[in-house]
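Here is a short briefing on one model. Look over the sequence and the fold, then read the points below.

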Amino acid sequence: MHFDPLPVPSDADDEDAAAAVPPGRSVCHTGCGRPSRVCLCPHLPPSPLPTSTTVVILHHPHAHRRNPLSTLPLLARSLSNLHLLPGRRLVPSSTPLLPPPSPNPVLLLYPSPAASDLASWCRSTPPSARASPTLLLLDGTWKQSKEMHSASLPFLSSFAVPVALPVDSGVDGDSMFESELVVRKEPHKGCMSTMEAVARALRLLEPEGKGKEIEEVMVGVLRAMVAFQTEHLQHRTVKPRIKMRKKKELKREEGMKRNAGLI
């Protein structure tokens with residue numbers, strides 16, 4: 001299967017995003033593509049930021065079109081050296097970017113058991129051996145990302161270096177009401193959106209301290225997005241969700257009632 005790279009969201013993607021907006025609501029078509037009242041253009045950099053790191057993101061086909069909180073459109077408008085690949089796995093024919101023609105390292109940023117801490121990898125690797133790296137991420141739900149990781153490993157394991165940012169699987173993750181950078185409730189402490197993960201990684205990978213400046217700009221965009229979403233939810237009346245009951249549980253309760261009637 002071949003996946004064509006998409007450096008930035010296409011006009012068709014913007015039309016899909018606009019179609020999801022209720023009729024009568026104005027949309028920022030020339031910028032961020034979001035509803036005008038939550039436009040993020042003032043927070044985006046005037047032009048995409050250049051990086052020595054090539055960022056490649058394999059994103060599940062449903063990750064952007066079915067997720068209004070996807071950070072991929074904002075990422076594409078924040079970084080110039082970014083390539084989006086729609087698909088469920090990576091294979092040799094997926095893209096000429098992988099493996100790269102140069103000996104520069106390819107870092108697979110995914111919290112697998114084999115992954116090394118990215119900061120530790122940077123400290124232990126000479127600057128000449130980690131210059132102009134390729135940073136590879138998988139974007140989707142946690143279930144989708146796990147499936148994409150397993151499906152892509154036969155190809156990636158021959159050249160990619162598995163790295164990760166710190167995640168504490170023993171502690172529940174924050175929600176947007178507990179952190180100004182969390183787009184949705186995360187399963188574990190340290191889990192983060194794709195945009196935040198790229199920002200944190202570039203802080204470590206970019207040379208001459210440029211990573212800190214890039215991180216601050218990207219985090220500022222994400223912070224503004226979360227603030228808009230939090231304000232929207234705080235003023236929204238949400239009906240309590242009806243608890244779904246399993247069939248076995250319902251049958252067990254019916255049996256207990258029948259038995260009670262026989263006593």
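Is Phe159 buried, partly exposed or exposed? Phe159 is partly exposed, because its relative accessibility is 22%. The cut-offs are under 20% relative accessible area for buried, over 50% for exposed and in between for partly exposed (1.4 Å probe, protein chains only).

This is a predicted model: local features need pLDDT of at least 70, side-chain atom pairs count only at pLDDT 80 or more, and totals for chains, interfaces and linings use all residues. Residues are numbered from 1 along each chain as its sequence is written, and side-chain values use heavy atoms, with hydrogens and water left out.

- Phe155 is buried, at 12% relative accessible area.

**Helix 6**
- Helix 6 covers residues 194-205, twelve in number. Helices are DSSP runs (H or I, at least four residues), numbered from the N terminus.
- From first C-alpha to last, helix 6 reaches 16 Å, close to the expected 16 Å (1.5 Å times one less than the number of residues).
- Nine of its twelve residues are buried, so helix 6 is largely enclosed by the rest of the structure.
- Among the buried residues are Met195, Val198, Leu202 and Leu205.

**Cysteines**
- The disulfide count is zero (cysteine sulfur atoms within 2.5 Å).
- Cys122 is buried at 7%, whereas Cys41 is partly exposed at 29%.

Key. Helices (H or I, at least four residues) and strands (E, at least two) are DSSP runs, numbered from the N terminus.
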